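User: I would like to learn how to read salt bridges in a model. Please start with the general idea and then turn to the case at hand.

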Amino acid sequence: MSGARTFSPAAIAAVLAMGTVGEVFIYLVPVLLGSVVESFALSDGTAGLLIALEIAASSVAAVGCAAYLRRLPIRRFSLACIIVVIVGDLLSSVVQDIATFVALRVLAAIGAGALFAIANALAATTERPEKTFSLMGFTVILAATFGFMGMTFAIEHYGPQAAFAALACITALALPFLFWLPQAARPAEPRTGVMAGIPLNARSVGMFAGILVLFIGQYALWVYVERIGSAAGLSLEQISGVLILNGFLSLLGPLAAHRLGSRIGHTWPIVLGVGLQGVTMMTLVYSTS
């Protein structure tokens with residue numbers, strides 16, 4: 001993507017909607033993992049590997065989509081991706097064969113990963129990308145918070161696999177926004193090759209490595225939050241209540257980023273955020289009540 005562009009409010013909303021579909025399932029994986037364990041009588045570790053496979057498929061799809069983004073018809077491709085996610089999630093809520101279930105989860109993850117790449121690439125070309133990304137973070141967390149409510153209701157009334165039907169409903173809400181999704185920016189000069197336009201230098205490689213390590217640390221624990229609560233004797237309703245509260249508190253992060261912008265730079269906010277997260281994660285792991 002090249003150069004900042006002026007996006008209409010509707011176009012910004014469309015970018016946020018695609019980003020939400022692409023990322024929200026990662027925030028919901030604690031409940032999804034519990035649903036997999038209960039639906040297929042798997043061990044926590046095996047279910048965790050399945051979730052890891054889903055996240056890996058999403059990541060590979062995001063990188064692959066980013067490399068070819070300028071060549072894609074963004075709206076039609078996004079529509080295809082959303083349909084893939086919805087169908088994958090809906091079928092995941094009814095299949096009984098574990099192999100078929102795994103294939104469906106990978107398929108849905110590929111669609112979500114492609115949408116994640118599209119939304120982030122478009123957000124990076126807006127006039128104020130820091131604020132756009134903070135709005136995207138706010139939207140994703142808000143959707144995940146209400147997603148916990150919907151999934152809890154679905155599980156309690158229709159069984160553990162119904163969580164995936166609830167996830168499909170969340171994805172379907174993004175369909176109307178496709179009409180306002182902007183096209184990808186075209187490069188000034190034609191470029192060839194998969195890595196064309198992707199800066200590979202010490203700073204970018206270090207940034208990618210830092211994000212990789214951060215996300216590994218985050219999700220290695222986050223995936224098992226529901227299982228930790230269950231082991232502590234909490235009901236699904238109580239765990240969901242904690243996660244819903246967590247979601248509303250998490251909204252303070254993107255709100256702060258939106259207000260700060262780049263006025264005090266990026267280093268100290270990131271250092272403070274990672275440090276706070278590290279302390280609270282250690283507290284969670286070693287908590288006794």
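User: How many salt bridges does the structure hold?

Analyst: Side chains of opposite charge can pair when their charged atoms come close. A salt bridge here is a side-chain nitrogen of Lys or Arg within 4 Å of a carboxyl oxygen of Asp or Glu. The structure holds five. This is a predicted model, in which local features need pLDDT of at least 70 and side-chain atom pairs count only at pLDDT 80 or more, while totals for chains, interfaces and linings use all residues. Residues are numbered from 1 along each chain as its sequence is written, and side-chain values use heavy atoms, with hydrogens and water left out.

User: Which residue forms a salt bridge with Glu 38?

Analyst: Arg 227 does, with the closest N and O atoms 3.8 Å apart. The pair links distant parts of the chain, 189 residues apart: Glu 38 is in helix H2 (residues 29–40) and Arg 227 in helix H9 (residues 225–231). Helices are DSSP runs of H or I, at least four residues, numbered from the N terminus.

User: Is Arg 227 buried or exposed?

Analyst: Buried means under 20% relative accessible area and exposed over 50%, with partly exposed in between (1.4 Å probe, protein chains only). Arg 227 has 14%, so it is buried, whereas Glu 38, at 53%, counts as exposed.

User: Which residues are linked with Arg 227 in a network of salt bridges?

Analyst: Glu 38, Asp 44 and Glu 226 are linked with Arg 227 in that network. The side chains of Arg 227 and Glu 226 meet at 2.7 Å, N to O, and Glu 226 is buried too.

Methods:
Helices (H or I, at least four residues) and strands (E, at least two) are DSSP runs, numbered from the N terminus.
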